[in-house]
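This briefing is meant for a reader who is meeting the structure for the first time.

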Amino acid sequence: MTYEQAQSYLLGAINETVSRRVPYRLDRMRMFLDELGNPQDAYPTIHVGGTSGKGSTSTMIASALRASGKKIGLHTKPHLKSMTERSRINGVAIDEERFAELISEMLAAIDRTAAEFGRPSYYETLLALAFVYFAREQVDLAVIEVGVGGKLDGTNVIVPQVSVITNIGLDHTDILGNTLEEIAADKSGIAKPGIPLVSAVADPGPRSIIAARCAEVGAPFILVQDTSSIEPQPSQRYGQSFALTTPSARYDLALPVLGEFQKMNAATAILALEQLNERLRPSVEEVVRGLSQLMLPGRMEFFPSHPSVVFDVAHNPDKAAHLVASLRTTFADRRFIFIIAVTDTKDAHHVLQAFVNLPASYIFTEFQTPGRTATKPQRLASIAQDLGIWGRAIASPIEALEVARRNSDASDIIVITGSTFVVAELREWWLENVRSSTP
């Protein structure tokens, strides 16, 4: 099987949402992994859930652990460019040949599982591949990001060293529930007896749900806001420095990323690391060094140019609100030109509502990704107009970006946001066609 064949095979199982509604989802995942020899049990893990920030927090944890000299697996979703990005060791994605080789090896297990429970989904198969890859490569620890929710997510077969819930917001409401409390109940399903759970959930309603679940199963509950403090320090224009004090230590941190919310993600990551045993836990110096080397493509990712560009995946209302707050803080006196596409399963109204009252103009676009459907640009423009936001509808993302560049001043900031798929497409185009030609 070639990589292209493996990719095509996986795209045939892409409907994650339907598979999640099947009541035996975890039975299927457990059988699938049992057929593969239960690779997820071959190494310690950290389990990271939440509505927003879980990918950034997972990457921070992995970066700090790498700085301690350990071999660290990292599974996150979604990917920006290639499926291989979901299985990384020490920051490097599995290569395409190895990816295809492992999928080929897994086919018999997939068929046996399908005969009992139906074919494992796209997400479940990619997750299982990561588990197998990490076991074969004998990682010291793997950081595993939750896909959707927690209770019935395919990742909830692991017994981690630490569990994390970054925050709770409205996303995947058709699956998880229509209130923050319902969503918290689902996400808190990753709590396990005797396993510390670190959370940065601030809202009292969902926070109390998570605390109650931890008490019910006997999981120590560690609230970031109650056990740490953040002290801002002078920093470079396009990074941020601050001191983080926890019950165990003080960390003088310099993050090479934008976004005020990343400070709380860093605090959450560090408190999770502090729950590890002495053999696995990195030193203060290793944490500081690891976070100073952090790379988060597509997360408040800034490229200075004329005009400058920010790429940020903000596909739910919570992420959009964080983006707006960070833009206001970092670029207080600048005008923005937004290029936005939203997947048709997302809450476009509340995503766009976050951008009301910004000094900005807007271009609404779409994307072409197998198995995914974008909300039509004209529909986005209509939703925006009802909110008092006026913008143009341009179907081609590249044309939208070219129009934004032509109509911008040197001091403007172009913000490419919304769906992961439009951020991925335009980021790749930008790196190949604009940044590569910049002296």
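A salt bridge is counted here when a side-chain nitrogen of Lys or Arg lies within 4 Å of a carboxyl oxygen of Asp or Glu. Glu 260 and Lys 263 meet this rule, since their closest N and O atoms are 3.3 Å apart. The model is a predicted one, and by this rule the count comes to 14 salt bridges.

**Salt bridges**

- Salt bridges that share partners bring Lys 71, Arg 98, Glu 101 and Glu 137 together into one network.
- Glu 137, at 22% relative accessibility, counts as partly exposed, while Arg 98, with a relative accessible area of 19%, is buried.
- Glu 124 forms a salt bridge with Arg 28, with 3.0 Å between the closest N and O atoms.
- This pair links distant parts of the chain, 96 residues apart, as Glu 124 is in helix H6 (residues 122–136) and Arg 28 is in helix H3 (residues 25–35).
- Both partners, Glu 124 and Arg 28, are buried.

**Nonpolar cores**

- In soluble globular proteins, nonpolar side chains tend to be buried together.
- The largest nonpolar core of this model has 37 residues, and those with the most contacts inside it are Ile 46, Ile 61, Leu 65 and Val 143.
- Helix H11 (residues 261–273) supplies the largest share of this core, namely 7 residues.
- Leaving aside its neighbours within four places in sequence, Ile 61 is in contact with Ile 46, Val 48, Val 143, Ala 269, Ala 272 and Leu 273.
- A second, separate core has 34 residues, including Ala 6, Leu 10, Leu 26 and Leu 126.

**The buried side of helix H8**

- In helix H8 (residues 180–187), the buried residues are Ile 183, Ala 184, Asp 186 and Lys 187.
- These residues lie on the same side of H8, because they cover an arc of only 160 degrees around the axis.
- An α-helix has 3.6 residues a turn, so residues three or four places apart point the same way.

Note on methods: Residues are numbered from 1 along each chain as its sequence is written. This is a predicted model: local features need pLDDT of at least 70, side-chain atom pairs count only at pLDDT 80 or more; totals for chains, interfaces and linings use all residues. Side-chain values use heavy atoms; hydrogens and water are left out. A nonpolar core is a set of buried Ala, Val, Leu, Ile, Met, Phe, Trp, Tyr and Cys residues joined through side-chain atoms within 4.5 Å. Buried means under 20% relative accessible area, exposed over 50%, partly exposed in between (1.4 Å probe, protein chains only). Helices (H or I, at least four residues) and strands (E, at least two) are DSSP runs, numbered from the N terminus. Contact means heavy atoms within 4.5 Å. The arc is that of the directions from the helix axis to the C-beta atoms.
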